[in-house]
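Work through the exercises below with the sequence and the coordinates at hand. Each task is followed by a stepwise solution.

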Amino acid sequence: MAYQFDSRIRFSEVGPDRRLTMVSLVDYFQDCSTFHSEACGNGIDCLNRYDCVWMILFWQIDILRMPLLGERVFTRTWPYGFQAFYGFRNFAMLDENENYLAKANSVWALMNLKTGRPMKVLREVVSGYEMEPKLEMEYLPRKISLPKTVHAGCMEAFRVGRQHLDTNHHVNNGQYIYMAEEYLPEDFETARLCVEYRQQARLHDLIVPHVYREGDSAVTVSLCDEKGAPYAIVKNERRM
């Protein structure tokens with residue numbers, strides 16, 4: 001069964017155009033899945049008992065329309081499958097007339113906190129969930145390929161600060177999206193966001209952004225470590 005919570009778009013969640021920002025949309029989705037897990041008894045305390053945590057590997061978010069300041073919205077989520085150490089979850093945001101504002105697919109891995117490696121999904125950490133059918137949307141591969149001929153350059157590096165961290169003491173997945181937005185053209189409106197997470201960045205790690213532009217249609221930012229290995233790859237596709 002899908003979990004839902006309702007809200008109104010707050011001033012702190014919008015950009016200069018008075019529309020919900022991309023990072024705030026991701027925050028809604030993250031909060032919704034957290035509320036769902038806690039309500040089902042599969043939340044943080046349950047995961048701590050088994051020394052594990054869910055780590056996101058991939059986001060695909062398709063935006064139909066960003067809601068406006070003060071607009072009432074409904075955010076929903078549900079898992080649609082578990083396989084080996086993977087979990088698969090859909091999200092949606094709707095307006096008060098049940099029109100879709102955004103649809104999302106996500107892929108997660110259950111990680112053992114003691115070994116730092118993936119572990120087989122335990123019945124005890126998913127027993128409270130009810131499976132639902134996959135949301136009707138286009139499903140893209142979770143691996144993002146970097147363009148080979150449109151590298152716009154290596155940008156100034158920066159350090160991870162405390163403001164970037166979450167309860168797991170590494171960079172919150174939404175923060176990578178926020179970092180990548182710095183390299184979008186000012187008039188860029190995102191119709192689809194894809195993010196592939198490859199490794200965890202922690203406090204004081206150096207992040208080196210590499211920016212790739214595909215004409216006017218897309219901007220891909222690879223947020224790398226000092227050796228050039230990506231922490232996360234963020235691709236914004238432009239609304240044409």
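Contact here means heavy atoms within 4.5 Å. The model is predicted.

**Exercise 1.** List the residues in contact with Phe 29, leaving aside neighbours within four places in sequence.

Solution. 
- Step 1. The contacts of Phe 29 include Trp 59, Ile 61 and Thr 75.

**Exercise 2.** Decide whether Asn 105 is buried or exposed, and find the polar contact of its side chain.

Solution. 
- Step 1. Asn 105 lies in strand E5 (residues 100-112).
- Step 2. Buried means under 20% relative accessible area. Asn 105 has 4% relative accessibility, so Asn 105 counts as buried.
- Step 3. The side chain of Asn 105 makes a polar contact with the side chain of Tyr 80, at 2.7 Å.
- Step 4. Apart from residues up to four places away in sequence, Asn 105 touches Tyr 80 and others, including Trp 59, Arg 89 and Tyr 139.

**Exercise 3.** Compare the radius of gyration of the protein with that of a compact globule.

Solution. 
- Step 1. For 240 residues, a compact globule would have a radius of gyration near 18 Å.
- Step 2. The protein has 18 Å, so the two agree.
- Step 3. Buried residues make up 52% of the 240 residues.

Notes. Residues numbered from 1 in each chain as written. Predicted model: local features only at pLDDT ≥ 70, side-chain atom pairs only at ≥ 80, totals over all residues. Heavy atoms only, no water. Helix = DSSP H or I, 4+ residues; strand = E, 2+ residues; numbered from the N terminus. Buried < 20%, exposed > 50% of the residue type's maximum accessible area, 1.4 Å probe, protein only. Polar contact = N/O pair within 3.5 Å; in protein donor to acceptor, adjacent residues only side chain to side chain. Rg over C-alpha atoms; globule rule 2.2 N^0.38 Å.
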